[in-house]
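Please look over the protein shown here. Keep the sequence beside the 3D view as you read.

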Amino acid sequence: MQRIQDKLQNNEKLLSIYFTAGYPSLEDTVPILESLQENGVDMVEIGLPFSDPLADGPTIQASGTQALKNGMTTTLLFEQLKDIRKTVSIPLIIMGYFNPVLQYGVENFCKKCQEIGIDGLILPDLPLAEYKEHYKPIFEKYGLSNTFLITPQTSEERIKQLDNASDGFIYMVSSASVTGSQSGFGNAQMDYFTRIKNMNLNNPQIVGFGISNTETFKAATTHAKGAIIGSAFIKILTEKGLNGISDFVKLIR
């Protein structure tokens, strides 16, 4: 968790990248992480593929389907990452759906994350009330930050509740659509970014959904601490493989 806090406290706008573990090829997880760090990415969300990804657009869904076909599992991901802290020092977050975590065992999952050096989790379908009642002590025991999502439709009361339960950053979803379904930000979204900034929340915000190039990265980070790129990065992996990573990151920054 401290690695996340350290990144959030520096003055730069943060670039976070999401990719699906085990894609394009099963053994690509660690090489992608090492390449992203080498090319100056600040933080990485490692996607744990799931068979029923409700919030994901077609690009991320397709990568998850292929990763599962490749043989990716929770156990295998932990095996791949067991020595990751020997080569990668930037914050690493596992993002996925709650079902695989529940199947693995929440405490066992969190314990494994701590052993490996994972800094936090993003589980969009884990409700706040469930988290506070059943799982918050487990996350805290193993030093894991839990990141909640907000959308333009989230009420101010709810946002404050999520902010109070957070200890890292707020994942600010730019729209109510699925990932990868938009190519820019309109006035309504910029007004939303401004409105959240003016709430003066305890936790900084990082914007996700709809960031794919320098223009959208700059727009998203005008009022937020950073931005997350997922679908656009996975498209590059699909088209160019790991060889496309360096040029992609340079285009964003």
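The model is predicted: local features need pLDDT of at least 70, side-chain atom pairs count only at pLDDT 80 or more, and totals for chains, interfaces and linings use all residues. Residues are numbered from 1 along each chain as its sequence is written, and side-chain values use heavy atoms, with hydrogens and water left out.

**Salt bridges**

A salt bridge is a side-chain nitrogen of Lys or Arg within 4 Å of a carboxyl oxygen of Asp or Glu. By this rule the count comes to ten salt bridges. The table lists some of them.

| Pair | Closest N and O atoms |
|---|---|
| Asp42 and Lys7 | 3.5 Å |
| Lys86 and Asp83 | 3.6 Å |
| Arg85 and Asp119 | 2.8 Å |

Start with Asp42 and Lys7, which form a salt bridge. Asp42 lies in the loop between H2 and strand E2 (43-47), and Lys7 lies in helix H1 (residues 2-9), so the pair ties together parts that are 35 residues apart in sequence. Helices (H or I, at least four residues) and strands (E, at least two) are DSSP runs, numbered from the N terminus. Asp42 is buried, with a relative accessible area of 5%. Buried means under 20% relative accessible area, exposed means over 50%, and partly exposed is in between (1.4 Å probe, protein chains only).

Next come Lys86 and Asp83, another salt bridge. Lys86 counts as exposed, at 68% relative accessibility. Asp83 is partly exposed, at 38%.

Now take Arg85, which forms a salt bridge with Asp119. Arg85 sits in the loop between helix H4 (74-80) and strand E3 (92-95), and Asp119 sits in the loop between helix H6 (106-116) and strand E4 (120-122), so this pair ties together parts that are 34 residues apart in sequence. Arg85 is partly exposed at 23% relative accessibility. Asp119 is buried at 1%. What links Arg3, Arg85 and Asp119? These residues are linked in a network of salt bridges.

Most residues other than glycine have a negative phi, and most peptide bonds are trans. Where does this model depart from that pattern? Look at the peptide bond from Tyr23 to Pro24: this bond is cis, with omega near 5°. Pro24 lies in the loop between strand E1 (14-20) and helix H2 (29-38).

Asn200 is not a glycine, yet its phi is positive, near 50°. Asn200 is found in the loop between helix H9 (187-198) and strand E8 (205-208). Is Asn200 buried or exposed? Asn200 counts as exposed, with 65% relative accessibility.

Phe209 also has a positive phi, about 80°, although it is not a glycine. Phe209 lies in the loop between E8 and H10. Phe209 is buried, with a relative accessible area of 11%.

**A closer look at His223**

His223 sits in the loop between helix H10 (214-220) and strand E9 (226-229). His223 is partly exposed, with a relative accessible area of 24%. Which residues does His223 touch, not counting residues up to four places away in sequence? They are Phe193, Thr194, Lys197 and Gln205. Contact here means heavy atoms within 4.5 Å.

With Thr194, the His223 side chain makes a polar contact, side chain to side chain, at 3.3 Å. A polar contact is a pair of N or O atoms within 3.5 Å; within protein, one must be able to donate a hydrogen and the other to accept it, and residues adjacent in sequence count only if both atoms are side-chain atoms. His223 and Val207 are 16 residues apart along the chain, and their C-alpha atoms are separated by 9.6 Å.
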